[in-house]
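The sequence and the model are shown first.

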Amino acid sequence: MRLILSLLTAASLLAAAVAPAQAQQVPQSQAEISLSFAPLVKQAAPAVVNIFANRVVQQQRATPFMGNPFFEQFFGDMRQAQPRVQNSLGSGVILSEDGIVVSNYHVVGMATDIRVVLKDRREFEAKVLLADEQSDIAILKIESDEALPWLPFRNSDDVEVGELALAIGNPFGIGQTVSSGIISGLARSGVSTGNARGYFLQTDAAINPGNSGGALIDVAGQLIGVNTRILTRSGGSNGVGFAIPSNLVAQFVKQAKNGNDAFKRPWAGLNGQAVDGSLAEGFGLTIPEGVVISALHPLSPFAKAGLGAGDIVLSVDGQPVNAPAEMLHHMSVRGVGEDAAITYLSDGDTKEAQVALIEAPDTPPADPRTIREGTLAGLSVVTINPRVSAEYGLPSDASGVIVTEVSRPLAGVGLRPGNIITSINNAPVETSADVEELGASTARRWRIDGVAQGRRFSYRFRI
């Protein structure tokens, strides 16, 4: 009995001690009771817009004789191009009260008519100030007599995995929708959207078709990214979505306001790869980190700053880099005309350098030429230089000429736009002038050597 009384007494004392603490934890406001994102959404949602875009595309209509070499020999290309209006639906974010809007290139790129609809159902015609397919970003401008709601930027370099995030957009055209999640990963550079390849934030907030170009915001209502794509097998959200970091978007806005109609991207002038476990062991590193330089162009700003093949770039402006796309992203955020602080490892020593961020130089001149007469008639080429290499995604040490256009009968040999020609009839080709000179030959047997998609080819034919 005494034991039972003692236990009851202890329980009573414990309850008395806990009761005041529990009383102090009672929610004191409606917001604390609901734990709602509603105030945040009410603040941010008006700056997220729906975008409707139309573009005219030439659709080739099939004929019964399409692809038949006999009929095409006498009647030419049997395909008939028919104009067709293609509609696009997506989202956008207002970034200033005077109507600067960001969206995705794949939403508004090449559009002839763009309509922006605000949450309050006001509609505006928009024009494209700057669009870049590689980064999948488009900067638009709308005109309004009144100040427009807008979202401020947050430094996306400060975003951490595990932060709460909200995705706002117009999925499937059903109207503005908000989904919540967290930042699932940073520095995602192994994914692409269309022709765009870059550096993304990853989130598990639901992103679906139509969310493209919408806002990814933090709990303070600041823009940390622009939603761009998802990884999915079904077409719907599987919790793996990607957003373009706000710092890169801010650089696009800056260039658009400066009057640029094309994005100026810094040129590194080097070939590099991520340091993996085997490379780290070979370089004597305790952990795999950085980007090892395998080759540099003579005009590379990294070469001029003292870096060489075998050096490992560890960070750009204090931000660690573990893939070439990461390095180029941080260079692009800094912008052409600025200097970037580079930390690198050379012969086991950690060093620092200031690298000038420049555009890819047009040296030697690209000198585009089209062959008008002779066996190579209809072939258009340009001399490969750093600017051409950057445009076509070629390695920094590429040389020769690149085919920009080819027509029949030469196309029947196998040449295609994007092919690199390195020699004609065993004579080396270094410039477009070489192609024009060699094309004047009256030879009956021809041989064209080059590279296509990283593989060497040799086309031989007779006339």
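## Basis and terms

A residue is called buried under 20% relative accessible area, exposed over 50% and partly exposed in between, with a 1.4 Å probe and protein chains only. The model is predicted: local features need pLDDT of at least 70, side-chain atom pairs count only at pLDDT 80 or more, and totals for chains, interfaces and linings use all residues. Residues are numbered from 1 along each chain as its sequence is written, and side-chain values use heavy atoms, with hydrogens and water left out.

## Aromatic pairs

Four aromatic pairs are found in the whole structure (Phe, Tyr or six-membered Trp rings with centres within 6.5 Å; stacked under 30 degrees between planes, edge-to-face over 60, tilted for the rest). The F252 and F263 ring centres are 3.8 Å apart with planes at 5 degrees, so this pair is stacked. Because F252 belongs to helix α6 (residues 246–257) and F263 to the loop between α6 and β15 (270–274), the pair ties together parts eleven residues apart in sequence. Both F252 and F263 are buried.

## Cavity

The largest cavity has a volume of about 30 Å³, taken as the space filled by probe spheres set on the points.

Its lining includes F37, L40, I217, D218 and V219. β7 (164–169) and β8 (177–188) are the elements that give two or more residues to this lining, and β7 supplies the largest share, three residues.

Terms used. On a 1 Å grid over the protein atoms alone, a cavity is a set of points where a 1.4 Å probe fits but cannot get out, and a pocket is an open set with protein on both sides within 12 Å along at least five of seven lines; lining residues have an atom within 4 Å of a point. Helices (H or I, at least four residues) and strands (E, at least two) are DSSP runs, numbered from the N terminus.
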